[in-house]
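Here is a short tour of the structure shown below. Have a look at it first, and then read on for the details.

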Amino acid sequence: QETRDADPNQHMYTVMEVLQASDEQDHFFEGQTEEVESEEETAVPETDPQWEKILSYIKGMLQVHGKAGLDRIHNMLKMFMSDPPYTKSLPELREFMQLQVEQNLFVVDQDQFQLI
């Protein structure tokens with residue numbers, strides 16, 4: 001399609017491509033799967049929305065109790081976190097807490113976590 005402006009030197013061309021129904025789906029999903037795969041490869045625990053809630057519960061626990069060990073935190077999360085239910089394993093929680101210590105949200109003293 002060609003569009004002309006009042007100026008004879010100005011031309012605008014529009015290229016239109018028509019895809020068959022099966023081609024549209026292939027191209028649409030092709031880009032989608034590549035993005036999803038790359039996001040999954042770089043995913044870290046704190047990007048999971050459940051980790052945000054877990055972090056909120058842990059901060060509340062430590063504000064009330066001062067210090068707590070990993071086992072106690074894990075057990076309290078299992079008992080009190082219901083929306084969404086706490087489903088993480090102890091090793092997953094350990095890794096998450098270590099990331100939070102590295103980000104200076106908590107300190108660890110004699111295996112007891114404490115807010116900074």
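## How two helices cross

Let's start with a pair of helices: H3 passes H4 in a right-handed crossing. (Right-handed means that the near helix is turned clockwise from the far one by less than a right angle, and left-handed means anticlockwise.) The two helices, H3 (70-80) and H4 (90-102), pack at an angle of about 115°, with their axes 10 Å apart. Axes here are lines fitted to C-alpha atoms, for helices over the stretch in contact, and angles run from 0 to 180 degrees between N-to-C directions.

On the H3 side, the residues that meet H4 are Leu70, Asp71, Ile73, His74 and Leu77. Their partners in H4 are Leu90, Leu93, Arg94 and Met97, where a contact means heavy atoms within 4.5 Å. Sorted by type, the residues of this contact are 6 nonpolar, 1 polar and 2 charged. (Ala, Val, Leu, Ile, Met, Phe, Trp, Tyr, Cys and Pro count as nonpolar, Asp, Glu, Lys and Arg as charged, and the others, Gly among them, as polar.)

## What you are looking at

This is a predicted model, in which local features need pLDDT of at least 70 and side-chain atom pairs count only at pLDDT 80 or more, while totals for chains, interfaces and linings use all residues. Residues are numbered from 1 along each chain as its sequence is written, and side-chain values use heavy atoms, with hydrogens and water left out.

The chain has 4 helices and 5 strands, and along the sequence they follow the pattern β-β-α-α-β-α-α-β-β. Helices (H or I, at least four residues) and strands (E, at least two) are DSSP runs, numbered from the N terminus. Of the 116 residues, 22% count as buried, meaning under 20% relative accessible area; exposed is over 50%, and partly exposed is in between (1.4 Å probe, protein chains only).

## The buried side of H3

Which residues of H3 are buried? They are Leu70, Ile73, His74, Met76 and Leu77. These residues cover an arc of only 165° around the axis, so they sit on the same side of H3. (The arc is that of the directions from the helix axis to the C-beta atoms.) Their cover includes H2, strand E3 (67-69), H4 and strand E5 (112-115).

## The core

A nonpolar core is a set of buried Ala, Val, Leu, Ile, Met, Phe, Trp, Tyr and Cys residues joined through side-chain atoms within 4.5 Å. The largest one here has 19 residues, and those with the most contacts inside it are Ile58, Ile73, Leu77, Leu93 and Met97. Helices H2 (49-65), H3 and H4 each give two or more residues to this core, with the largest share, 6 residues, coming from H2.

Leaving aside residues up to four places away in sequence, Ile58 touches Ile73, Leu77, Leu93, Phe96, Met97 and Phe106. Phe106 lies in strand E4 and counts as buried because its relative accessibility is 1%. Phe106 and Lys59 are 47 residues apart in sequence, yet 9.0 Å apart in space, C-alpha to C-alpha.

Most residues other than glycine have a negative phi, and most peptide bonds are trans. Asp83 and Pro84, however, are joined by a cis peptide bond, with omega about -5°. Pro84 lies in the loop between H3 and H4.

Gln110 has a positive phi of about 55°, and Asp111 has a positive phi near 60°. Gln110 lies in the loop between E4 (106-109) and E5, and Asp111 is in the loop between E4 and E5. Gln110 counts as exposed at 72% relative accessibility, and Asp111 counts as exposed at 63%.
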